[in-house]
Amino acid sequence: MMVRAMMLTGMLRASSAFTMSTARSFPALTTTKRSMSVSGEIWEGGSEDLPKLTLYTKYGCTLCDKVVDELRSVKEETGIDFGLDGVDITDNFQVFDRYKYDIPVVHYGDEYWFKHRSPDREVLEKVLGGGAFEPIGEQPDSSDAKNKK
């Protein structure tokens, strides 16, 4: 079976007649185009002593874009310095399994802070400016059996 699939794959690639209808006939042979990972530093904080946030996201997440815009606004308008890293949930199965229904998720240091939408501007400024940090809501975990459908 493996040899046959490899032969078919070679023939289909060599043939200019490979169309979507052909691909539908051989679903195991089709590949899904995956977007580039969005993991990486979004911006650097001035020093290691400053808060470091981690945004759990994926390509095309518009709610995530809104959170980044709000955090950038706080940084630029108040002068409060902090770093922000992005973690693409599609890069890691365990992270994906945990957050697949709840992005954006933001961690403050290594601790869960909030999900879905950023908190009020006053809360952002207070926490990022060195005030008391408290998680907002419960940390999501879609891998939990009670949340599986």
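With which residues is Leu71 in contact, leaving aside its neighbours within four places in sequence? In the predicted model described here, the contacts of Leu71 under this condition are Trp43, Leu53, Phe82, Leu84, Leu124 and Leu128. The paragraphs below place Leu71 in its setting, beginning with the overall arrangement of the chain.

The protein contains 5 helices and 5 strands, and its elements follow the order α-α-β-β-α-β-α-β-β-α from the N terminus on. Of its 149 residues, 32% count as buried. The accessible surface amounts to about 10,100 Å², and carbon and sulfur atoms account for 52% of that area. When contacts between residues at least 6 apart in sequence are considered, 66% join residues that are at least 24 apart.

The largest nonpolar core has 26 residues, among which Leu53, Leu71, Trp113 and Leu128 touch the most other members. At least two residues of this core are supplied by each of β2, α3, α4 (93–99), β4, β5 and α5. The greatest contribution is that of α3, with 5 residues. In soluble globular proteins, nonpolar side chains tend to be buried together. Two of the residues that touch the most other members, Leu53 and Leu128, are also among the contacts of Leu71.

Helix α3 comprises 17 residues and spans 24 Å from its first C-alpha to its last, close to the 24 Å expected at 1.5 Å a residue. Its buried residues are Cys64, Val67, Val68, Leu71, Ser73, Val74 and Lys75. These buried residues pack against β1 (40–43), β2, β3 (83–88), β4, β5 and α5. After α3 comes Gly79, which has a positive phi near 80°.

Helix α5 (residues 121–128) has Leu124, Val127 and Leu128 as buried residues. Viewed down the helix axis, the buried residues of α5 fall within an arc of 90°, so they line one face of the helix. An α-helix has 3.6 residues a turn, so residues three or four places apart point the same way. Glu122 and Lys126, on the other side of α5, are exposed. The buried residues of α5 pack against β2, α3 (62–78), β4 (105–108) and β5 (111–115). Leu124 and Leu128, both buried in α5, are in contact with Leu71. Following α5 is Gly130, whose phi is positive, near 110°.

Methods. Residues numbered from 1 in each chain as written. Predicted model: local features only at pLDDT ≥ 70, side-chain atom pairs only at ≥ 80, totals over all residues. Heavy atoms only, no water. Buried < 20%, exposed > 50% of the residue type's maximum accessible area, 1.4 Å probe, protein only. Helix = DSSP H or I, 4+ residues; strand = E, 2+ residues; numbered from the N terminus. Arc of directions from axis to C-beta. Contact = heavy atoms within 4.5 Å. Core = buried A, V, L, I, M, F, W, Y, C linked by side-chain atoms within 4.5 Å. Areas by Shrake-Rupley, 256 points an atom, 1.4 Å probe, with all protein chains shown as cover. Expected span 1.5 Å × (residues − 1).
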